[in-house]
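Dear colleague,

Please find below the structure that I promised to pass on to you. My notes on it come directly after, and I would be glad if you read them with the model open.

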Amino acid sequence: MSMAPPPPPSYEAPEQGRPAERWSSTMGFVLATAGSAVGLGNLWGFAYRASQGGGAAFVLLYLLIVLVVCLPVLVAEMVLGRSTGHSPLLAPLTAGGRRWAPLGWLYLLVAAGILAYYSVLMGWTGRSLLHALLESLPATMAEAEAYFGAISSGGDAVLGHLISLALTGVVVAAGIRSGIERLSRWGLPLLFLLLLGLAIWAAGLPGAREGYATFLLRWDASKLIDPTTIRNAFTQAFFSIGTGVGAILAYGTYLDRRSAIPAEAALVVGMDTAVALMAGCVTFPVVASFGLGAGVSGSTVGTLFIALPTGLASQGAIGRLVAGLFFALAFIAAITSSVSLLEVPVSSLIDRFGWSRGRAVWLCVAVIAVLGLPPALNVAALERMDAIFGGVLLLSGGLAMALLLGWQAPARFHADLLGSGSPPWLVGALLWALRWLAAPALGLGLAMSSFDLIGRGAG
Ligand code: PHE
């Protein structure tokens with residue numbers, strides 16, 4: 001076997017090597033990427049991790065990590081996609097040579113792994129939506145728990161998973177512009193409006209102040225160095241921004257050469273954080289007003305599916321409407337994210353084997369449908385998959401991205417951003433942050449999540 005060194009990476013991928021599809025405009029890309037970022041992670045994850053401890057310290061750490069770690073990695077991911085013009089499977093190889101080829105496989109694995117349980121969560125969301133609208137809300141916590149037990153296991157959960165995955169497949173099969181971009185163009189603004197309306201409604205609840213206090217105003221400086229809080233903030237930030245699995249890389253390949261990546265990345269991060277904070281301004285007042293705090297502090301993924309409807313049940317028809325709107329917006333948030341996860345293997349199969357989009361979509365859907373059976377049948381399996389794929393492996397993908405563009409191929413990072421008109425000081429600052437802040441911080445975050453996972457496995 002010849003061991004010829006890989007050719008030096010070229011910064012300008014030939015246009016004919018780039019996929020033919022394009023976003024219709026920069027705004028289309030920003031909305032689709034923000035759609036990928038804004039998801040169940042913002043609505044459920046942020047609230048339950050903030051309430052698990054930390055309060056304002058968690059929020060502060062989260063913001064810090066988002067700015068100094070996630071933002072440079074997000075820029076790197078967009079650059080990797082745009083400058084190579086290749087899918088997540090082939091982009092690392094193109095940018096870094098053969099040694100980096102396994103990273104492409106890692107992205108495929110992580111995206112499929114996350115989507116497998118994400119679509120289960122979507123299924124619960126859809127089922128809760130139908131229940132709030134067509135039936136009734138559970139009157140007591142015990143009733144809610146029994147109901148949640150029923151929808152989160154067995155045939156109902158499997159059906160919800162399959163339907164959610166099929167809907168995701170339909171959107172991705174329709175293509176970049178007419179599928180993914182079109183969905184995000186109406187979905188994201190609608191989600192913002194619904195959330196804003198609900199946050200205003202929640203501000204009028206009797207326990208609103210107490211609710212804000214639990215996640216924004218409760219200050220305990222010792223939490224800033226508490227390993228659990230730090231680890232939670234890391235995992236939450238990466239999962240929520242959605243960088244480290246190649247989803248945004250895939251979206252970057254359809255991006256125009258001229259658009260200003262740093263500004264777009266900042267917009268996406270800003271929107272994602274705003275949604276997380278706004279969602280907290282809905283869930284915490286509800287939890288505080290209806291005395292559900294005790295149930296929520298022992299959080300699991302299911303907490304808000306149980307607490308929110310129970311709290312709202314006492315509000316009669318308005319409560320049902322609010323619950324319905326909340327689950328509807330959660331479902332919209334989820335599908336604009338799930339399509340980006342599916343795009344990772346789909347674009348890779350198209351890129352690597354020249355398959356048609358339809359064929360790639362339905363093969364991936366079939367495989368992921370099977371992978372999603374364990375988490376659909378068992379909540380503990382879902383939590384474990386989240387810790388592995390959405391925690392440790394996602395952070396590994398982020399770290400590899402920071403190393404690839406920060407250390408292995410920094411010239412590509414420079415050339416792409418300078419070539420699209422970003423000011424040199426900004427490009428220098430981002431590269432510095434990628435090398436010296438993001439990479440070491442991710443190393444630390446990854447070590448902490450791995451210890452946690454091993455500890456839990458042993459415990
Ligand atoms: N960011 C999404 C959320 O917050 C989930 C996601 C993770 C999407 C990774 C794409 C990539 O729910």
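The notes below go through the ligand site, the salt bridges, the cysteines and a surface patch.

Please bear in mind that this is a predicted model, in which local features need pLDDT of at least 70 and side-chain atom pairs count only at pLDDT 80 or more, while totals for chains, interfaces and linings use all residues. Residues are numbered from 1 along each chain as its sequence is written, and side-chain values use heavy atoms, with hydrogens and water left out.

I begin with the ligand. There are 14 residues around the ligand, and those that come nearest are Ala 37, Gly 41, Tyr 118, Phe 239 and Ser 240; a residue is taken as near if one of its heavy atoms lies within 4 Å of the molecule. A nitrogen atom of the ligand lies 2.9 Å from a backbone N or O atom of Ala 37, and a polar backbone atom of Gly 41 is 2.8 Å from an oxygen atom of the ligand. Asn 42 contributes a polar side-chain atom, which lies 3.2 Å from an oxygen atom of the ligand. On its own the ligand has 320 Å² of accessible area, and the protein covers 100% of it (areas come from the Shrake-Rupley method with a 1.4 Å probe, and for residues only the protein chains shown count as cover).

Next come the salt bridges, of which a search of the whole structure finds six, each being a side-chain nitrogen of Lys or Arg within 4 Å of a carboxyl oxygen of Asp or Glu. Arg 357 pairs in this way with Glu 21, with 3.5 Å between the closest N and O atoms. This pair links distant parts of the chain, 336 residues apart, since Arg 357 is in helix H16 (residues 357–371) and Glu 21 is in the segment before helix H1 (26–37); helices are DSSP runs (H or I, at least four residues), numbered from the N terminus. Arg 357 is buried at 13% relative accessible area, whereas Glu 21 is partly exposed at 31%, where buried means under 20%, exposed over 50% and partly exposed in between (1.4 Å probe, protein chains only).

Arg 357 also meets the side chain of Glu 343 in a salt bridge of 2.9 Å, N to O. Glu 343 lies in helix H15 (residues 316–353) and Arg 357 in helix H16, so this pair ties together parts that are 14 residues apart in sequence. Glu 343 is buried, at 0% relative accessibility, and shared partners join Glu 21, Glu 343 and Arg 357 into one network of salt bridges.

A further salt bridge joins Arg 185 and Glu 181 at 3.0 Å, N to O, and both residues lie in helix H8 (residues 176–203), four residues apart, or about one turn of the helix. Here Arg 185 is partly exposed at 36%, while Glu 181 is buried at 2%.

As for the cysteines, a search of the whole structure finds zero disulfides, a disulfide being a pair of cysteine sulfur atoms within 2.5 Å. Cys 70 is buried at 0% relative accessible area, and Cys 364 is buried at 8%.

Lastly, Trp 436, which is found in helix H20, is partly exposed at 48% relative accessibility.

Conventions:
Helices (H or I, at least four residues) and strands (E, at least two) are DSSP runs, numbered from the N terminus. A polar contact is a pair of N or O atoms within 3.5 Å; within protein, one must be able to donate a hydrogen and the other to accept it, and residues adjacent in sequence count only if both atoms are side-chain atoms.
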